[in-house]
Amino acid sequence: MHQKLWNRIEFSLLAAGIIIAGGLWGFVELSEVARDAAPHAFDTDILLFFREAGNAADPIGPSWLEEAMRDITALGSASVLIYITAIVVIYLGMTRRWGPALFVFASVAGGQVLSSLLKLGIDRPRPDLVPHLAQVYTMSFPSGHAMLSAVTYLTLGALLARFLPGRATTIFVFAVAVLTTLMVGISRVYLGVHWPSDVLAGWCAGFAWATLCWLVSRTLMRPQAGDE
């Protein structure tokens, strides 16, 4: 029994290490792409894939899809993520779960600060290949929506996993978190406000940061009474 539990712990740590290392490696490689003066064919081809041939101002698909993409991209906006995070942190504080409350706040707030610093460090302009279908005000690399949606939704998924019964429900929660993160990132490219490499870098940084925060919290926090 103890050996089986230890094997599960070792596997979790190994998986977390792979995610962090892979995320860091991917971000470094993509940052080199972002620093190049001319956009790569990889970026331009995918960006144009989401526009009608011969008309870069018209996104592919019916008109309702464009509106749906704006709705989806809002799931990764700072206002929505701050709102969700505040509700969770306040609830955890009201129920005196100070450890999980600090975990959520530190993970999301730290991710926001890190995202802002990374944008300043790269200072990549937004795509000018196609018209933007949403308002943007900051630099392009990495995608803050992609990064912070990964940080927030994966952090909340890790928090919920502490209370969920069974492996199937845990997998479902993490699948929803990952799917939401992927949809937000794709919507940024569809709306023409990010290069695909911006979104990939945001995912790399977001997954790595969320996993690192989970590792730290797993080491420092112990289940409180009523958490099981």
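A residue counts as buried under 20% relative accessible area, exposed over 50% and partly exposed in between, using a 1.4 Å probe and protein chains only. With that in hand, here's a look at this predicted model, where local features need pLDDT of at least 70, side-chain atom pairs count only at pLDDT 80 or more, and totals for chains, interfaces and linings use all residues. Residues are numbered from 1 along each chain as its sequence is written, and side-chain values use heavy atoms, leaving out hydrogens and water.

**Aromatic rings**

- There are three aromatic pairs here, meaning Phe, Tyr or Trp rings (six-membered ring for Trp) with centres within 6.5 Å; planes under 30 degrees apart are stacked, over 60 edge-to-face and the rest tilted.
- F49 and F50 make an edge-to-face pair, at 5.3 Å centre to centre and 80 degrees between the planes.
- F49 is exposed at 56% relative accessible area, while F50 is buried at 15%.
- F50 also pairs edge-to-face with Y190, with 6.0 Å between centres and 75 degrees between planes.
- Helices (H or I, at least four residues) and strands (E, at least two) are DSSP runs, numbered from the N terminus.
- Together, F49, F50 and Y190 form one aromatic cluster.

**Annotated spans**

- The unreviewed UniProt entry puts "transmembrane region" at residues 12–28, 72–94, 101–122, 142–164, 171–193 and 199–217; such annotations may be inferred rather than shown by experiment, positions follow the numbering used here, and feature names are shortened.
- Residues 72–94 are 87% helix and 0% strand, with end C-alpha atoms 30 Å apart.
- Residues 101–122 are 100% helix and 0% strand, and their end C-alpha atoms lie 32 Å apart.
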